[in-house]
Amino acid sequence: MSVLEGAGLHLSYGAVPVLDGASLRLGAGELVGLIGPNGAGKSTLMRVLAGLARPSQGAVSLDGKPLAALPGRARARALAYMAQGRELHWPLTVERLVALGRLPHLGPFQRPGAEDEAAVARALERCDAAHLRGRTATTLSGGERARVLLARALASEPALLLADEPVAGLDPYHQLQVMEVLREGALAGTGILVVLHDLVLAARFCTRLALVHRGRVVADGPPAAVLEPGLLEQVYGVRMAAAEVAGERVHLPWSRI
Amino acid sequence: MRRWALPLLALLVLALFAASLSVGPSAVSMRLAVADWLADGDSTAAVIFAEIRLPRALLGLGVGAVLGLSGAALQGLLRNPLAEPGLIGVSASAALGAVIAFYSGLANAAPLALPAGGIAGALTAVALLYALAGRDASVLTLILAGTAIGSLAGALTSLALSLSPNPFALTEIVFWMLGSLADRSLEHVALAAPFMAVGAVLLLSAGRALDALTLGEDTARSLGFSIGAAGFRVIAGTALAVGAAVAVSGAIGFVGLIVPHLLRPLAENRPSRLLPLAALGGAAFMLAADVSVRLGGPGQEMKLGVVTALLGAPFFLALVLRTRRSVA
């Protein structure tokens with residue numbers, strides 16, 4: 001049962017403030033969608049929450065203890081991060097790549113054991129990538145690579161997962177597939193924070209949404225409460241069209257204001 | 001095949017080490033020489049063994065191993081197959097230190113002043129690097145600062161050469177810089193070995209972090225690794241090991257570039273697995289090249305640095321052309 005909490009976070013790149021008092025909490029079993037326009041500070045907020053960037057003000061805590069005071073390996077066992085870029089510098093096999101997720105569990109010269117292999121196999125299974133295990137990861141399609149990198153993040157079996165745009169560039173089938181994996185993870189107790197641009201996916205899959213605007217979380221709550229047309233128009237600068245689909249109300253960006 | 005890569009390479013190194021002990025202009029029975037040497041004898045055979053062949057073989061082993069190892073570690077750190085130990089300015093600075101020892105006449109006064117100068121040059125370079133770039137410097141900053149330091153050291157070496165009043169000293173310096181393992185003593189080995197050993201341990205200890213870096217710096221940090229610490233291990237390890245290697249053998253190029261590249265498929269592209277393979281591969285390559293320069297018969301033997309580049313460059317080119325074809 002882990003709780004990650006960032007309060008009053010400030011961060012600037014030079015003179016440009018990127019986070020301006022953002023606060024966010026992520027608890028076990030939640031699937032929280034981090035939404036907002038480009039440049040609002042979503043990725044930076046996620047990097048600060050993951051301990052990858054240090055806020056100039058404010059603090060991030062994991063289970064009530066300051067995240068910055070936690071040793072790197074202990075933090076990495078509790079909290080997995082899936083970067084926005086899908087960098088892969090050497091052509092590893094899929095199995096080796098996913099096994100990198102087990103590094104926080106291994107001592108300096110300790111070899112991976114049966115438990116690690118089982119975790120890798122489970123992660124591949126959950127992401128429907130078990131049949132890719134022998135493939136060279138650099139030859140995968142975009143959808144396959146996204147699933148494999150998600151499996152890499154899940155392989156450490158973290159209490160919390162922060163995923164930056166895991167569905168960017170994927171076709172509808174693979175977007176739904178990745179969101180389903182995340183939902184199953186949350187149902188199994190993992191606290192998941194995910195940066196999304198697709199408001200329909202956000203509404204349908206997330207248990208909670210946090211809307212980021214100019215470095216602050218301006219709305220945080222159940223999807224129906226956050227996806228309020230007036231607020232979205234103000235934040236995104238687009239007029240929204242609402243529609244009823246299969247009994248669910250969805251909001252679609254329609255035209256620029 | 002891949003599981004056997006490490007033991008097979010180790011056997012190859014062992015065989016080449018034995019060959020390095022047995023090949024030379026004077027026909028010496030190694031069995032008698034070793035027996036006599038162990039019995040503290042001073043027969044010609046024992047002297048040739050202890051003062052000519054053994055230091056040469058040990059240096060070939062050590063210098064080759066650290067060049068291959070540091071090349072593999074730097075390629076992993078920078079995630080670039082073109083990285084090589086010369087990149088961070090250590091080789092050029094070690095050469096400058098040695099040239100200063102030559103130039104000042106210290107090298108004539110004390111035989112070990114030359115390698116000691118080289119090691120001092122390498123250590124100064126890495127201290128300067130961290131002073132300039134800061135302790136938490138990004139890898140890119142370190143490389144740029146290293147390149148600048150290397151260029152400066154190269155320019156100062158050229159300056160020393162062009163100001164050299166004595167043409168014989170000039171020839172000696174130029175020949176030294178071409179790289180060779182000939183005429184080194186066990187004192188050279190004893191001077192360089194501790195630096196090489198500490199450097200190698202630092203380099204080998206970075207393996208896991210290099211694996212994590214396959215996924216980029218942010219992901220590596222999220223896996224619990226400090227990029228600054230990994231960078232320090234690789235760069236300080238390279239400075240110590242390669243600095244000591246250059247100090248005793250002169251600049252020997254291409255080993256740190258091609259050996260890791262060649263062995264990467266055997267490591268299944270995993271940076272941590274490549275490190276020990278590249279160390280053995282570098283040792284094998286260096287011992288083979290050093291044996292081959294001795295097969296040319298008596299007279300002025302080819303310089304080792306020239307041979308590694310002459311063998312290495314066409315080979316590397318063939319490799320590049322082959323990968324180009326497989327990609328296209």
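Two residues are in contact if their C-beta atoms, placed from the backbone, lie within 7 Å. On that basis, 19 residues of chain B are in contact with 22 residues of chain A in this predicted model. Chain A is assigned two domains, domain 1 (4–226) and domain 2 (227–257).

- On the side of chain B that touches chain A, the elements giving two or more residues are α10 (207–213) and α11 (217–222) of chain B.
- The largest contribution to this side of chain B comes from α11(B), with four residues.
- Sorted by class, the side of chain B that touches chain A comprises five nonpolar, seven polar and seven charged residues.

**Domains of chain A**

- The C-alpha centres of domain 1 and domain 2 of chain A are 26 Å apart.
- Contact between the domains involves 15 residues of domain 1 of chain A and eight residues of domain 2 of chain A.
- Two or more residues each are given to the domain 1 side of this contact by α7 (199–205), β9 (208–213), β10 (216–221) and α8 (223–226) of chain A.
- By class, that side of domain 1 of chain A holds 12 nonpolar, two polar and one charged residues.

**Open sheet of chain A**

- Four strands of chain A make up an open sheet with antiparallel pairing, in the order β2-β1-β4-β5.
- Its edge strands are β2 (16–26) and β5 (65–66) of chain A, each of which pairs on one side only.
- Within the sheet, β1 (residues 4–13) and β4 (residues 57–62) of chain A are joined by five bridges in the antiparallel sense.
- Gly6(A) has Val60(A) in β4(A) as its bridge partner.

- Eight bridges link β11(A) and β12(A), which pair in the antiparallel sense.
- Val238(A) is placed opposite Arg256(A), a residue of β12(A).
- Ala246(A) belongs to the loop between β11 (238–245) and β12 (248–256) of chain A.
- The hairpin has two residues between its strands, and Ala246(A) takes a positive phi near 50° there.
- Ala246(A) is exposed because 5 other C-beta atoms lie within 10 Å, and the cut-off for exposure is 12 or fewer.
- Between Ala246(A) and Gln57(A) there are 189 residues of sequence separation and 45 Å of space, C-alpha to C-alpha.

**Helix α9 of chain B**

- Helix α9 (residues 186–204) of chain B contains 19 residues and spans 26 Å from its first C-alpha to its last, close to the expected 27 Å.
- A kink of about 35° is found at Ala192(B) in α9(B), shortly before the proline Pro194(B).
- The buried residues of α9(B) include Leu191(B), Ala192(B), Phe195(B), Met196(B) and Gly199(B).
- An α-helix has 3.6 residues a turn, so residues three or four places apart point the same way.
- The cover over the buried residues of α9(B) includes α3 (44–78), α6 (113–133), α12 and α14 (271–294) of chain B.

**Helix α12 of chain B**

- Helix α12 (residues 227–249) of chain B has 23 residues and reaches 32 Å from its first C-alpha to its last, close to the 33 Å expected.
- Most of α12(B) is covered, with 19 of its 23 residues buried.

**Positive phi at non-glycine residues in loops**

- Most residues other than glycine have a negative phi.
- Glu165(A) is not a glycine, yet has a positive phi of about 50°.
- Glu165(A) lies in the loop between β7 (160–163) and α6 (172–187) of chain A.
- Glu165(A) counts as buried because it has 21 C-beta neighbours inside 10 Å, and the cut-off is 20 or more.
- Asp183(B), also not a glycine, has a positive phi of about 60°.
- The loop between α8 (167–178) and α9 of chain B contains Asp183(B).
- Asp183(B) has 10 C-beta neighbours inside 10 Å and therefore counts as exposed.

Key. Residues numbered from 1 in each chain as written. Chains lettered and ligands numbered in written order. Predicted model: local features only at pLDDT ≥ 70, side-chain atom pairs only at ≥ 80, totals over all residues. Expected span 1.5 Å × (residues − 1). Pairing = 2+ DSSP bridges. Domains from an automatic or database assignment. Nonpolar A, V, L, I, M, F, W, Y, C, P; charged D, E, K, R; others polar. Bend = angle between axes of the 7 residues up to and from the residue.
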